[in-house]
Structures are given as structure tokens and as C-alpha cells.
Amino acid sequence: MSEETANKLDINVSTEKVGPCRMKVTIEVPEDTIKNVLSEQYSDLQKEVVLPGFRRGRAPRRLIQKRFGSEIQEQAKLKLLSDCTDQALEEENLETLGEPDIDHENLELPEEGAFTYDFEVNVRPEIELPEIEGIEIEKPVHKMADDFVDNQLEQIQKRFAEWVNRDENEPVEKDDQIIADIVVTPEGEEPVTAEESELFVSSGQGFSGKVPVEDLDKLLAGKKIGEEAETETDVPEDFFNDQFKGKKCKVKIKIKEIKYNKLPELNDEFAAKIGFDSMDQVKERIAEYGKQDAERQTQSALSQNVKDYLLENCEFELPENLVSEQADSVMKREYTRLMMQGYGEEELKRQLEQIQARSKDNARNMLKSVFIMDAIADKYDIEVTQEEMNGYIAQTAAQQGRRPEKVREELYKDGSLQEFTMQAREQKCIDMIIEKANVKEVSPEENTDENQQESEGENSQENSQEDSE
């Protein structure tokens with residue numbers, strides 16, 4: 001008899017499907033099994049416990065039971081719950097997702113008879129993969145826009161602009177910054193003064209003296225230093241500041257300084273300031289990034305089309321609680337994907353905020369994609385070697401201009417290394433499908449996911465601008 005067989009408990013197990021990927025497991029533990037576990041617990045304790053008047057290992061069981069009976073019952077219960085649950089899941093070949101939800105505090109071992117308990121658990125979905133050999137996949141070929149270099153130079157120029165004081169006779173213009181004394185008077189209340197406040201004159205809603213003001217640029221347009229502007233504003237009921245929310249306020253603004261954003265000249269001196277030998281070199285580097293960016297967009301669009309094909313042709317359900325429970329994991333995967341594409345910190349944050357705001361349908365599709373890729377990896381024995389992982393990390397580090405060991409350390413510390421590995425395996429699955437597919441090159445406008453790809457292109461261009469600096 002093997003050790004595994006000898007340690008196997010005598011239990012009765014039944015299962016019932018109670019929803020998509022959700023099983024109810026009922027376990028009956030016979031009285032003899034309970035007694036055997038309790039006996040083992042007493043024997044183990046008897047070897048170690050020391051009671052007055054008895055040597056170690058010589059105390060009678062009745063005294064041990066009298067003093068430690070409740071503790072032994074609790075330990076036996078927890079051991080049975082753990083061992084019986086693990087054995088039942090293994091016997092039923094249930095691939096669980098997360099831990100079984102067992103309310104152990106409200107379960108008690110009976111004084112006699114069998115001990116029966118049940119729990120529900122999420123299980124891995126059964127997936128029937130669609131055909132993946134010889135399928136037709138569109139490859140939207142992106143090209144660098146003709147005005148890409150000029151647009152990126154303009155963005156870099158704005159980033160290195162400096163605030164410069166306007167002359168006394170020069171009026172306020174849109175996008176200026178002003179320094180002003182502001183008086184806000186809620187209806188029926190005393191005025192609140194904010195001296196030397198900074199205001200940015202942009203279109204739409206702006207803030208003046210800690211309250212929102214519509215069309216601030218129109219209110220201040222043409223005003224000069226020393227002049228005043230007045231308006232009234234209705235502060236929304238859900239405004240964050242209790243002092244003003246839901247109130248009608250008069251706002252008086254007295255201008256003390258006006259500043260504009262002075263753009264630097266695009267010459268070799270400016271190029272040296274941002275770390276290049278000449279403006280020609282800056283333009284060459286931007287063009288290089290632009291071409292790499294277009295290639296990234298192309299590959300990203302091709303990979304997305306593979307995922308879309310799999311999602312459209314692979315039907316299975318997921319329970320709502322699983323979608324919710326796995327939300328954090330999905331966010332980590334998306335963070336890792338964006339890292340691998342070389343996005344900067346600000347763009348990463350913006351992308352994740354947008355993803356978080358989307359409906360559960362997107363999270364559900366992401367989870368479905370994870371399970372489909374797992375099924376493909378299992379079927380085709382696709383794994384990521386340590387050498388390949390090092391390559392992925394080095395590629396990510398190079399895109400971010402950082403050291404590979406630093407990237408690995410951060411992935412390890414925040415628990416993302418496993419997610420990073422899963423993402424790398426997913427890419428290997430996609431690459432395998434692309435190798436077996438009939439790939440048809442099309443323009444981005446012809447691609448069925450045109451809007452999505454255009455959005456990705458805009459994000460990538462912004463990232464290229466960051467890289468260019």
C-alpha cells in the first residue's frame with residue numbers, strides 16, 4: 001500500500017453544478033473517520049503534554065480530554081475540513097479558481113454520527129477551441145503620418161515652454177496664467193478672499209477662488225493688469241467643498257499679473273538642452289520612433305484581431321462573482337501589457353483609469369481571453385522559458401530606458417512577475433496562431449476594429465512623444 005493510499009480518508013463526496021463554472025461540493029465524513037482523527041490528535045498531544053504528577057507522555061487520556069478537549073475538537077475539525085476538502089477536489093478532478101468558501105466557524109463536529117458539510121467553488125470552464133490553423137486574419141498595416149515629426153516637435157516645444165510676464169498694457173489671452181486677488185461671496189453670507197491666486201485661462205469650466213466658473217476665458221478676455229472681472233456662478237450640489245456646494249456665489253477677480261507660455265526656438269541650442277547634438281538629430285530620432293510606433297500599432301492590431309476571432313468563436317459563460325473577484329488580476333495583466341508596449345507612467349495611469357471606468361463586459365472578455373489562452377497553451381504545450389522571460393524583461397526595460405534588473409525587481413515586489421509571465425505566454429500563443437494563419441494585409445480603415453485601432457494609434461503616438469524627449 002502506497003503512502004498516498006494509506007493517508008487517504010474514508011469520505012463520501014457528491015457534486016452538483018449550481019451555475020456557470022460553479023460547483024457545489026457535499027462531503028460526508030463517517031463517524032469512524034472522525035474518531036480516527038480525534039484519536040490521532042489525542043495521541044500527538046499525549047506525547048508532548050506535561051500534567052502535574054505525570055511524566056511527559058504518561059498523562060492519562062481522560063485527564064488530557066478534560067483539560068484540552070475543546071481545543072482538540074477544534075483542531076480535529078480544522079484538519080478534517082482541510083484534508084477532506086483537498087481530497088474531494090482531487091478525487092472529483094475539479095480545477096478550482098480561488099479557495100472554497102467554507103464557514104468553518106459555524107461548523108461543529110457531532111458527538112456521534114457522520115459529519116456533513118458543503119461549499120461552493122468556482123471551477124475552470126470547459127473550453128472547446130475553434131479551428132486555429134489556416135484561419136484568415138487581417139493585418140492592418142499602420143504607417144507613420146506625414147506630419148508626425150512636426151506634431152511631436154510641437155509637443156516637445158510646449159513641454160519646454162516657460163511662463164513669462166506680459167507687459168502692463170497687454171491683455172489676457174486664452175491659455176494665459178494670471179495671478180489675481182479673488183473674492184467669492186456666497187448668497188446671504190460673508191465674502192471669502194483668496195489673494196495671489198493662480199488661474200489658468202482655458203475654455204470650458206475653470207476654477208476661480210475655489211469655485212467653478214463657466215467660460216473663464218471669455219470672462220477674462222481683453223482684461224489687463226489692475227482691471228477687474230465679475231460674474232455669478234451656481235455651485236453644483238455635489239461639489240466637493242461643503243463651504244460652497246449648492247450655493248449661488250458672486251465672484252470678483254482683480255488681475256495682478258498676466259503670464260504667457262513662451263515657446264523655445266527649435267534650433268541646435270535647444271537640441272543640446274534636451275540631450276542631442278543638433279535639431280536634425282532630434283528629427284531623425286523622432287522619425288525613428290514614429291516608424292517603430294507604426295510597427296507596434298500594426299502588431300498590436302494583428303494580435304487584437306486574433307483575440308477577437310477566438311472570443312467570437314469560443315462560447316462559454318463565467319459567473320458574475322468570478323468576474324468581480326478577478327478584477328484586480330485583470331488590471332494587473334493590462335498594466336503588464338502596457339508596460340511591454342513601452343508606455344510611460346502618465347500614459348499607463350491614464351489608460352488604466354479608462355479601463356477601470358468601462359463596463360464589466362470588457363473585464364469578462366479579458367477573463368475569457370485568459371482562459372482561452374490557457375487552453376491553447378495546454379493543447380500545444382506552450383511555456384515561457386527563463387531565457388525568454390529575460391528577453392521580455394530586457395525588451396520592456398529598453399523601451400522604458402531602464403535597467404532590466406530594476407524592472408525585474410519591481411515586478412517581483414508588486415507581485416506582477418507571474419502576470420508578466422502569463423502575458424509572455426499569451427503572446428507566444430498569439431504568435432503561434434499567426435504563424436499558422438493566412439494573414440491578409442489591409443489598411444487600418446479597412447480593419448473591422450477601425451475605431452479601436454485608431455484609439456490605440458493615438459495612445460501610441462503620445463507615448464512616442466514621451467520617448468522622443
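**The second largest pocket**

Mentor: The second largest pocket has a volume of about 510 Å³. Keep in mind that the model is predicted. The lining of this pocket is made up of 20 residues. Those that lie nearest the centre of the pocket are Val123, Arg124, Pro125, Glu126 and Ile127.

Sorted by class, the lining holds 10 nonpolar residues, 9 charged residues and 1 polar residue. Two elements, strand β2 (22-29) and helix α11 (360-379), each supply at least two residues of the lining. The largest share belongs to α11, with 4 residues.

Cys21 sits in the loop between β1 (12-19) and β2. Its phi is positive, at about 55°, although Cys21 is not a glycine. Cys21 has a relative accessibility of 9% and therefore counts as buried, the cut-off for buried being under 20%.

A second residue of this kind is Asp215, which is not a glycine either but has a positive phi of about 50°. Asp215 is also a loop residue, placed between β9 (211-214) and α5 (216-220). With a relative accessible area of 32%, Asp215 is partly exposed, because that class covers values between 20% and 50%.

A disulfide is a covalent bond between the sulfur atoms of two cysteines. The test applied here asks for a pair of cysteine sulfur atoms within 2.5 Å, and by this rule the count comes to 0 disulfides. Cys84 has a relative accessible area of 0%, so it is buried. Cys249 is at 1% relative accessibility and so counts as buried as well.

Thr396 belongs to helix α12, which spans residues 386-400. Its relative accessible area is 1%, so Thr396 is buried. Leaving aside residues up to four places away in sequence, Thr396 touches Met339, Met340, Val407 and Phe420. Tyr42 is found in helix α2, residues 31-48. Tyr42 has a relative accessible area of 6% and is therefore buried. Between Tyr42 and Gln73 there are 31 residues in sequence, and the distance in space is 9.7 Å from C-alpha to C-alpha.

As for the rest of the chain, the protein has 15 helices and 12 strands. Of the 469 residues in the protein chain, 40% are buried. Among contacts with a separation of 6 or more, 72% join residues 24 or more positions apart. The accessible surface of the protein chain is about 27400 Å², and carbon and sulfur atoms account for 42% of that surface.

To return to the pocket: its lining draws on β2 and α11, with α11 giving the largest share, and the residues nearest the centre run from Val123 to Ile127.

Conventions: Residues numbered from 1 in each chain as written. Predicted model: local features only at pLDDT ≥ 70, side-chain atom pairs only at ≥ 80, totals over all residues. Heavy atoms only, no water. Buried < 20%, exposed > 50% of the residue type's maximum accessible area, 1.4 Å probe, protein only. 1 Å grid on protein atoms, 1.4 Å probe; cavity = no way out; pocket = protein on both sides within 12 Å on 5 of 7 lines; lining within 4 Å. Points joined across faces, edges and corners; volume = space filled by probe spheres on them. Nonpolar A, V, L, I, M, F, W, Y, C, P; charged D, E, K, R; others polar. Contact = heavy atoms within 4.5 Å. Areas by Shrake-Rupley, 256 points an atom, 1.4 Å probe, with all protein chains shown as cover.
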